[in-house]
Amino acid sequence: MSAIIHGAGAATTLSTFKSIDSKKLVAPSRTNLPVRSKRFIVAGSDSSNGLSVRQSQKLIPNAVATKADTSATTGTGHELLLFEALQEGLEEEMDRDPHVCVMGEDVGHYGGSYKVTKGLADKFGDLRVLDTPICENAFTGMGIGAAMTGLRPVIEGMNMGFLLLAFNQISNNCGMLHYTSGGQFTIPVVIRGPGGVGRQLGAEHSQRLESYFQSIPGIQMVACSTPYNAKGLMKAAIRSENPVILFEHVLLYNLKEKIPDEEYICNLEEAEMVRPGEHITILTYSRMRYHVMQAAKTLVNKGYDPEVIDIRSLKPFDLYTIGNSVKKTHRVLIVEECMRTGGIGASLTAAINENFHDYLDAPVMCLSSQDVPTPYAGTLEEWTVVQPAQIVTAVEQLCQ
Amino acid sequence: MAIWFARSRSLVSSLRQNLGLSAILIKRDYSPRPIISKSFLGPVTSHRHESTAVEKHPDLVQPSDEEDVLELDFPGGKVGYTSEMKFIPESTSHRVPCYRVFDKNGRIIPNSDFIPVSEKLAVKMYEQMATLQVMDHIFYEAQRQGRISFYLTSVGEEAINIASAAALSPDDVILPQYREPGVLLWRGFTLEEFANQCFGNKADYGKGRQMPIHYGSNRHNYLTVSSPIATQLPQAAGVGYSLKMEKKNACAVTFIGDGGTSEGDFHAGLNFAAVMEAPVVFICRNNGWAISTHISEQFRSDGIVVKGQAYGIRSIRVDGNDALAVYSAVRSAREMAVTEQRPVLIEAMTYRVGHHSTSDDSTKYRAADEIQYWKMSRNPVNRFKKWVEDNGWWSEEDESKLRSNTRKQLLQAIQVAEKWEKQPLTELFNDVYDVKPKNLEEQEVGLKALVEKRPEDYPPGFHV
């Protein structure tokens, strides 16, 4: 899966629809309609993608936190993989602030099971990059205690699913102590780790923790999906005074992308406009973004113009960006990896219905995994995760 | 920093207690442990001292020249072997003895090890123990009268509360369970501040967000009490880690009850502190009861002190109702933790005279005469009082004056705190995050509108 998804390019001319007539079938038409080749070419990130197409995007001016144009036009930047981007962000923050420390299992000299903390122990020492015994509740609690006395720990769960063992500390202490102490003690921790459905990792290693944690008051949740936003979100999370849970995805660590050389951070509460469009708003995050973009290719060939938003901020939702999009397209499709019941999609559906009911022409549709533990067998696993074909069908259904 | 252990009779009245003292450590060696070397311990540093070397028992592992190896090599080091199949018994023939300085009548036992306490300090300790007693009594009554919703007394554990606090420096960070208000009292939290928290009024530092007795004050280095049991233990390891990183002359001190040691966090916290060599003092108040669960139903080990060695942590069992013993033990433990950068475990044996809380009636599960016995004959406050009086530092007149003044002050504090206005509605939504996010702002606006629209549905004096 490539992080940089090009639209059809200049090669194909595609039609656009000024308004959607639900009765008419959407059909490609090559007559009299302006070519929109400039507008739909959207990179997976806003960085120095040689095709600088952002200029025409006037509709949602601040969907992306940083000024993408600068590095896009200069063309400088360096290419790296997502896990390296996370490491770069972490290292920069550790250089900047001596209070930042890392703790988790095998994060030290082993470099972390996904190599996000590689090299940090050599550079910063064994105390600042701390290898802990195996007890998630303990090192999460430890991080909270250290945070209350002035450090800024980055707590790594080897797999997000293991953080279920730390639920007590996260819910009862991490989210709560700032409030119950009357603001006397802050807990600026970052809890991060890989989660989501991988390749045949079995049910216990394929958990979607965002659905369990979303109710906890006092925490923020963000999900990264590209090297650009991974680094930006990591830095922003470390600098935040609130406890932030940063969700990474097991299958996205090897995505390659060119990111700016200059320092930047991403806004924790903002969603990312991946592909502006007119017909339908597709809301997604993390790995599903790539399934959606793959489906988008097919959809664009079929003449649809989906607007794809990577919501990035799972708690709280960026209802500003989402709302603007809904007001434009009047149709919403949510594509997520969480399970049907009680997932991020369920909450997002409720939020959209509550806030933007008047703007919807069709009920909000949510594509999620079934309410089953993730099976091991490859075929079964594939069926439990939303696939691009399903997304295409759903869009077609919604746009009728 | 080192401590001077003295013979009881000679030096009691002449020494001034000063936490910044630097003196020669002379340890009286009654135990079979190797003697800790006499050495000048200089300014506190974070590296280890020779004293840690003595833990290795040199006789056990001998390198051998013979073909037959006398030890086996495994990850974790060399270990001697035996061909005799022998199980380590589940318990030793004798329980670990309990360190005490006073006899039951408040007289110092001859030849005891302890750190001398000056008159000023002793009197302050006694006053605070008595104040704690009065405070517990009055607040308990206030709850019974319906003026506060909940209260939890520390009756029977005053010595642990006050003597441990007296042995620490103000920079040491306290992570309490919930039965240690005496530590906060020692550090200067006023009776008015206690009352404000219990009433959850506008002056409460917790801003009315927590139940009574969930005190917290960053000024006094006392982390806010959190109801779930034992969660503070791994956090203490974290605080110790933070202090170690910043090379501070301070340690983390955390409290837990006997019941709390069954929680997974107990294992986690101790193990982590040991592995990280964090300066943490774990004080376990073994008071015999966890609500209605007696310790015989809580664990099968010889109390908690034996668990220390399982984690590689130095530990001691102390008579928790003996103020001087607690003071000496905690003071020594604190020095060890800071100078040697290691955790220490103290099991303070005591008895929970009061009910678990105001929601409990302990006569339902234990004999009333058992409670009465501990309340009268094994009372730590009376025991210390006898000693202080015997030294001529305290009189009956001082006693009655202190108790009546404290009582008056408390009643006054409660009256004022009760009438003090409560937090406005906006405090429901503040401090969830550092800056109020949009969704909470909306929820606040919605609630405000609701309250303003129908004020008759809400209590009088409830303001937005």
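This is a predicted model: local features need pLDDT of at least 70, side-chain atom pairs count only at pLDDT 80 or more; totals for chains, interfaces and linings use all residues.
Author: Residues are numbered from 1 along each chain as its sequence is written, chains are lettered from A in the order in which they are written, and side-chain values use heavy atoms, without hydrogens and water.

Reader: What makes residues of chain A and chain B count as in contact, and how many are there?

Author: Contact means heavy atoms within 4.5 Å. By that rule 42 residues of chain A are in contact with 40 residues of chain B.

Reader: What is the count of salt bridges between chain A and chain B?

Author: A salt bridge needs a side-chain nitrogen of Lys or Arg within 4 Å of a carboxyl oxygen of Asp or Glu. The count between the two chains is 0.

Reader: Why is strand E5 of chain A called mostly covered?

Author: Buried means under 20% relative accessible area (1.4 Å probe, protein chains only). Of the 6 residues in E5(A), 190-195, 6 are buried, so the strand is mostly covered. Val190(A), Arg192(A) and Pro194(A) point one way, and Ile191(A), Gly193(A) and Gly195(A) the other way.

Reader: How do you know that E4(A) and E5(A) pair?

Author: Strands, DSSP runs of E with at least two residues, pair if DSSP finds at least two bridges between them. E4(A), residues 152-156, and E5(A) are joined by 3 bridges and run parallel, so they pair. Ile155(A) has Ile191(A) as its bridge partner.

Methods. Buried means under 20% relative accessible area, exposed over 50%, partly exposed in between (1.4 Å probe, protein chains only). Helices (H or I, at least four residues) and strands (E, at least two) are DSSP runs, numbered from the N terminus.
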